[in-house]
Amino acid sequence: MSRDLARPLGSAPARERPAAVAAVVALGANLGDRAATLAAAVHELERLPLTEDVTCSRPHESVAVKLDGPDADAPAYLNAVALVTTRLAPTVLLGYLQAIEEHHGRVRRERWGDRTLDLDLIAYGDVRSDHPRLVLPHPRAAERDFVLVPWLEVDPDAVLPGAGRVDALLSRLRGERA
């Protein structure tokens, strides 16, 4: 019986590890202890398998956005953005994000309703997807200053695939001249 002499007896052939990708995750909460929930969620992101680094912005408060637009009467959101360096596939990462939400009491009753925790996968490297389960990049990211502002805080050179530089998107959103 022959064996590959380059590897120790009983070891499996080396498998190629998937390349690490920079994923952008938006975090938000407007119910309960928002700051504690965001901090716990970041800690859980840091503990994900095949994840090498998590860099998170500071929390930013924002007005809740409902289906009909901004709602100053709803509890305010605390938002942040985390850059996650991972080798998890995008759909697997999404599954973990949804599990973290559920762990923190997220209930999906109404679209754009109040929530204990919301984790959105905004971008996954340069991947583009229009699959019903996962649209990448996030279709409304360029319209949300509560995503763009914290994203720029952790990556001043950020680019939203297919849309452009995040600083230019934020300027456009605010009606500023580039």
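Colleague: Leu-27: buried or exposed?

Modeller: Leu-27 counts as buried, because its relative accessibility is 2%. Buried means under 20% relative accessible area, exposed means over 50%, and partly exposed is in between, with a 1.4 Å probe and protein chains only. Bear in mind that this is a predicted model: local features need pLDDT of at least 70, side-chain atom pairs count only at pLDDT 80 or more, and totals for chains, interfaces and linings use all residues. Residues are numbered from 1 along each chain as its sequence is written, and side-chain values use heavy atoms, with hydrogens and water left out.

Colleague: Where is Leu-27 placed?

Modeller: In strand β1. Helices (H or I, at least four residues) and strands (E, at least two) are DSSP runs, numbered from the N terminus.

Colleague: What is Leu-27 in contact with, leaving aside neighbours within four places in sequence?

Modeller: Leu-38, Ala-41, Val-42, Leu-45, Cys-56, Leu-78, Asn-79, Ala-80, Val-81, Ala-82, Asp-118 and Leu-119. Contact means heavy atoms within 4.5 Å. As for Thr-37, 10 residues from Leu-27 along the chain, the two C-alpha atoms are separated by 9.7 Å.

Colleague: How many residues does the largest nonpolar core have?

Modeller: It has 26 residues, and those with the most contacts inside it are Leu-27, Leu-45, Leu-93 and Leu-121. A nonpolar core is a set of buried Ala, Val, Leu, Ile, Met, Phe, Trp, Tyr and Cys residues joined through side-chain atoms within 4.5 Å.

Colleague: Which elements give two or more residues to this core?

Modeller: β1 (21-29), α1, β6 (77-86), α2, β7 (118-124) and β9 (134-136). The largest share, 5 residues, comes from β1. Another core lies apart from this one; it has 17 residues, among them Ala-123, Val-147, Ala-158 and Val-166.

Colleague: And Leu-45, what is that in contact with?

Modeller: Leaving aside neighbours within four places in sequence, Leu-45 is in contact with Leu-27, Thr-51, Val-54, Ala-82, Val-84, Leu-97 and Ile-100.

Colleague: Helix packing next. At what angle do α1 and α2 pack?

Modeller: About 145°, with the axes of α1 (residues 34-46) and α2 (residues 90-103) 11 Å apart. Axes are lines fitted to C-alpha atoms, for helices over the stretch in contact, and angles run from 0 to 180 degrees between N-to-C directions.

Colleague: Which residues make the contact?

Modeller: Ala-41, Glu-44 and Leu-45 of α1, with Leu-97, Ile-100 and His-103 of α2.

Colleague: Switching to charges. How many salt bridges does the structure hold?

Modeller: It holds 7. A salt bridge is a side-chain nitrogen of Lys or Arg within 4 Å of a carboxyl oxygen of Asp or Glu.

Colleague: What does Glu-61 form a salt bridge with?

Modeller: Arg-34, with the closest N and O atoms 2.8 Å apart. This pair links distant parts of the chain: Glu-61 is in strand β3 (residues 60-62) and Arg-34 in helix α1, 27 residues apart. Glu-61 counts as exposed, at 56% relative accessibility.

Colleague: And Glu-153? Which residue is its salt-bridge partner?

Modeller: Arg-58, the closest N and O atoms being 3.3 Å apart. Glu-153 sits in helix α3 (residues 145-154) and Arg-58 in the loop between β2 (51-56) and β3, 95 residues apart. Glu-153 is partly exposed, with a relative accessible area of 36%.

Colleague: Where do Asp-114 and Lys-66 lie?

Modeller: Asp-114 lies in the loop between α2 and β7 and Lys-66 in strand β4 (residues 64-66), so this pair ties together parts 48 residues apart in sequence. Their side chains meet in a salt bridge of 2.8 Å, N to O. Lys-66 is buried, with a relative accessible area of 16%, while Asp-114 is partly exposed at 31%.

Colleague: Last topic, α4. Which of its residues are buried?

Modeller: In helix α4 (residues 166-173), Val-166, Leu-169, Leu-170 and Ser-171 are buried. What covers them includes α3, β10 (159-160) and β11 (164-165). Just after α4, Gly-175 takes a positive phi of about 75°.

Colleague: How far apart in space are Arg-144 and Leu-169?

Modeller: They are 9.5 Å apart, C-alpha to C-alpha, and 25 residues apart in sequence. Arg-144 is found in the loop between β9 and α3. Arg-144 is buried, with a relative accessible area of 13%.
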